[in-house]
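Please look over the structure below with attention to its surface and to its charged side chains. The report that follows takes these topics in turn.

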Amino acid sequence: MKSTLIKKWILVISITLMIALIPSNEVFINSIKAYTCITIFSVASFAFSLFGNNLIPSLILLFGYRFIAPTTTIMSGWANDTPWSVIGILLIVITMNDTGLMKRFAYSVLSIIGGSYAGICIGMFFVGFAFSFLGDAAIFALLMISYGLVHTMKLEKTKPGIGIMMAAYCGLTDALTFVFNPTGSNWMFGLANAGSDLVPATTNHIEWFHAGSIFLVSYFLLLFSIIYIYKPKKNEKLNGKDYFKNEIKQMGKFTRDESIVAILLMLLLIYLFTTTYHNLPMVLGFIAVPIILTIPGVDILKTEDVKKIDFSIPIFIVSCLAIGSVSNELGVGQILVNLITPYIVTNNMYVLFFSLFIMIFGLNFIMTPGAIYAALITPLTTLSMSTSGVNNVFPLLFMVLIGTFNILLPHEIANTVVFYSLGTMDMKQFIKAFGLRLAIYIPTIFIAISYWKLIGFLN
């Protein structure tokens with residue numbers, strides 16, 4: 001075990017030193033070289049668990065960046081809603097555990113969707129599909145539900161626990177390849193319209209489904225793969241519906257504290273699911289609930305409960321967000337785009353769009369999806385719509401979308417940072433799970449290109 005860790009250290013240090021020894025030039029200036037070295041060392045430390053926890057590489061990243069970027073840029077993640085939402089979620093989860101509501105809720109869900117592993121995965125997958133019509137804003141609520149099931153059944157860092165979490169997550173996020181996202185989809189079209197007058201400024205559910213329905217192939221293949229690969233061993237059968245129904249009976253009636261927390265959670269879900277109407281940030285809901293739980297007369301969330309939070313988690317989140325914000329500050333993404341784009345111009349549609357996917361997939365390691373959309377969709381639309389054989393912007397937008405949500409490390413997307421922070425899988429398990437997802441999507445991309453040629457989007 002120790003020899004393996006030493007080999008990982010040698011590998012990470014060697015790669016970092018190799019990059020540090022590359023001569024600087026007018027493009028690869030000293031600040032960008034330093035950014036690359038700090039980022040690669042820290043991300044590799046996360047991936048290989050060099051320090052045994054995420055706090056130390058988070059601190060190396062945050063304070064290493066202070067030599068190349070303003071502190072306000074590096075620490076801007078604290079102004080982002082994600083770390084505060086996670087703190088709120090952790091406080092809510094602690095309260096649900098202490099009051100017994102987590103167990104009651106999980107048993108109620110399991111008694112409906114089934115006690116078998118496959119039944120739970122299918123149930124959570126289609127709950128995610130239903131939530132997808134609300135856009136990806138519903139992902140935090142879904143993660144809380146799936147975490148409650150996994151935690152109650154004590155399946156953290158086990159194969160079936162990973163499968164349940166992945167089924168819920170992919171049920172929502174991957175449905176957005178054919179379900180119109182009420183916020184993200186129109187934003188992408190607005191950016192594309194700025195790059196070409198041939199592109200409309202908006203789209204709708206029917207047009208989005210027409211273009212993305214081919215991804216139903218990867219959507220259901222992903223579900224079947226999760227069920228098969230992460231199924232429990234023969235001697236690890238999960239309890240059935242009758243067991244969970246009996247457990248609910250033994251718990252008796254709702255206590256006062258359970259009732260209050262349950263009402264607040266219902267109000268929170270209503271708030272989260274209506275964000276597209278009231279336009280208030282989700283984080284207000286996650287912060288309001290713990291505050292209400294501490295006020296006199298309610299007094300359910302105690303001071304000792306707050307001490308249970310692992311505050312290395314929000315620090316890890318802020319460090320992940322810093323990778324993208326510092327990259328934007330230094331213009332790393334745009335430099336890479338300028339270097340790569342000339343090499344992907346081709347009249348072969350398979351080469352063109354798969355190359356775009358690979359470029360976006362790679363950029364996602366150092367840029368946030370939002371930054372990629374803002375920086376690249378407009379110029380790439382100009383490029384693709386002026387390329388012979390491209391008759392519609394949908395193929396480009398889908399490559400950008402799929403390139404950004406296919407990830408291998410949790411820091412790449414805010415949603416997966418939250419996912420990983422819940423502690424249901426370690427880094428190695430995370431990489432394997434999302435690597436499986438990527439392996440399913442790569443061949444599907446070529447199928448999608450053939451489909452787009454068939455319906456006339458491409459020649």
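## Nonpolar surface patch

Leu 11, Ile 15, Ile 40 and Phe 48 make a nonpolar surface patch of about 290 Å², where a patch is built from residues with over 30% relative accessible area and no salt bridge, like charges being joined within 9 Å and nonpolar side chains (Val, Leu, Ile, Met, Phe, Trp, Tyr) within 5 Å. Helix H1 (2-20) and helix H2 (30-48) each supply at least two residues of this patch, helices being DSSP runs (H or I) of at least four residues, numbered from the N terminus. Phe 48, found in helix H2, is partly exposed at a relative accessible area of 31%; buried means under 20%, exposed over 50%, and partly exposed in between, with a 1.4 Å probe and protein chains only.

## Basis of the model

This is a predicted model, in which local features need pLDDT of at least 70 and side-chain atom pairs count only at pLDDT 80 or more, while totals for chains, interfaces and linings use all residues. Residues are numbered from 1 along each chain as its sequence is written, and side-chain values use heavy atoms, with hydrogens and water left out.

## Salt bridges

The whole structure holds six salt bridges, each a side-chain nitrogen of Lys or Arg within 4 Å of a carboxyl oxygen of Asp or Glu. One of them joins Glu 258 and Arg 104 (2.8 Å, N to O), linking helix H14 (residues 256-273) to helix H6 (residues 101-113) across 154 residues. Glu 258 is buried at 2% relative accessible area, and Arg 104 is buried at 5%.

Lys 308 is partly exposed at 48% relative accessibility, whereas Asp 305 is buried at 5%.

Key:
Accessible areas come from the Shrake-Rupley method with a 1.4 Å probe; for residues, only the protein chains shown count as cover.
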